[in-house]
Amino acid sequence: MSRDDRAYYQGRAEAELKRAEASNDPAAVRLHYQLAELHLERVGQCPPCDEDTAHDLAGTAAPR
């Protein structure tokens, strides 16, 4: 997972937490927390991966 992907999912999780805190509807709060959890699971599924590592894993080393 690229840094951009990780940042995207982290940001989505944070946005869902803010929506949960702002909501007055218990069902909506629960759903926002569930969505935040799903986004955080995506972040946690893969170890940090930078551009060089991604290229190395694909067998095409990035030019240096």
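Modeller: Helices (H or I, at least four residues) and strands (E, at least two) are DSSP runs, numbered from the N terminus. The model read with these terms is predicted; local features need pLDDT of at least 70, side-chain atom pairs count only at pLDDT 80 or more, and totals for chains, interfaces and linings use all residues. Residues are numbered from 1 along each chain as its sequence is written, and side-chain values use heavy atoms, with hydrogens and water left out.

Biologist: How many helices and strands are in the protein chain?

Modeller: The protein chain has three helices and zero strands. Read from the N terminus, its elements run α-α-α.

Biologist: Where in the protein chain is confidence lowest, and where is it highest?

Modeller: pLDDT is the predictor's confidence in each residue, from 0 to 100. Here the mean over the protein chain is 81, and 70% of its residues reach 70 or more. Confidence is lowest in helix H3 (residues 51-57), with a mean of 48, and highest in H2, with a mean of 95. Over residues 54-64 pLDDT stays under 50. A contact means heavy atoms within 4.5 Å, and for residues 54-64 the model has nine contacts beyond four places in sequence.

Biologist: What can be said of contacts between residues at least 6 apart in sequence?

Modeller: Among those contacts in the protein chain, 48% join residues at least 24 apart.

Biologist: What share of the residues counts as buried?

Modeller: Buried means under 20% relative accessible area, exposed over 50%, and partly exposed in between (1.4 Å probe, protein chains only). Of the 64 residues in the protein chain, 20% count as buried. Accessible areas come from the Shrake-Rupley method with a 1.4 Å probe; for residues, only the protein chains shown count as cover. The accessible surface of the protein chain is about 4800 Å², and carbon and sulfur atoms hold 54% of that surface.

Biologist: Which residues meet in salt bridges with Glu 16?

Modeller: Side chains of opposite charge can pair when their charged atoms come close. A salt bridge is a side-chain nitrogen of Lys or Arg within 4 Å of a carboxyl oxygen of Asp or Glu. The structure holds two salt bridges. Arg 12 meets Glu 16 at 3.2 Å, N to O; both residues lie in helix H1, four residues apart, about one turn of the helix. Arg 19 meets Glu 16 at 3.5 Å, N to O, and this pair also lies in helix H1, three residues apart, again about one turn. Shared partners join Arg 12, Glu 16 and Arg 19 into one network.

Biologist: Is Glu 16 buried or exposed?

Modeller: Glu 16 is buried, at 5% relative accessibility. Arg 12 is partly exposed at 24%, and Arg 19 is partly exposed at 39%.

Biologist: How many aromatic pairs does a search of the whole structure find?

Modeller: Rings of Phe, Tyr and Trp (its six-membered ring) pair if their centres lie within 6.5 Å; planes under 30 degrees apart count as stacked, over 60 as edge-to-face and the rest as tilted. The search finds one aromatic pair. The ring centres of Tyr 8 and Tyr 9 are 5.2 Å apart and the planes stand at 75°, so the pair is edge-to-face. Tyr 8 is partly exposed, at 47% relative accessible area, whereas Tyr 9 is buried, at 16%.

Biologist: Where is Ser 23 found?

Modeller: Ser 23 is in the loop between helix H1 (3-22) and helix H2 (26-45). Leaving out residues up to four places away in sequence, Ser 23 touches Ala 28 and Val 29.
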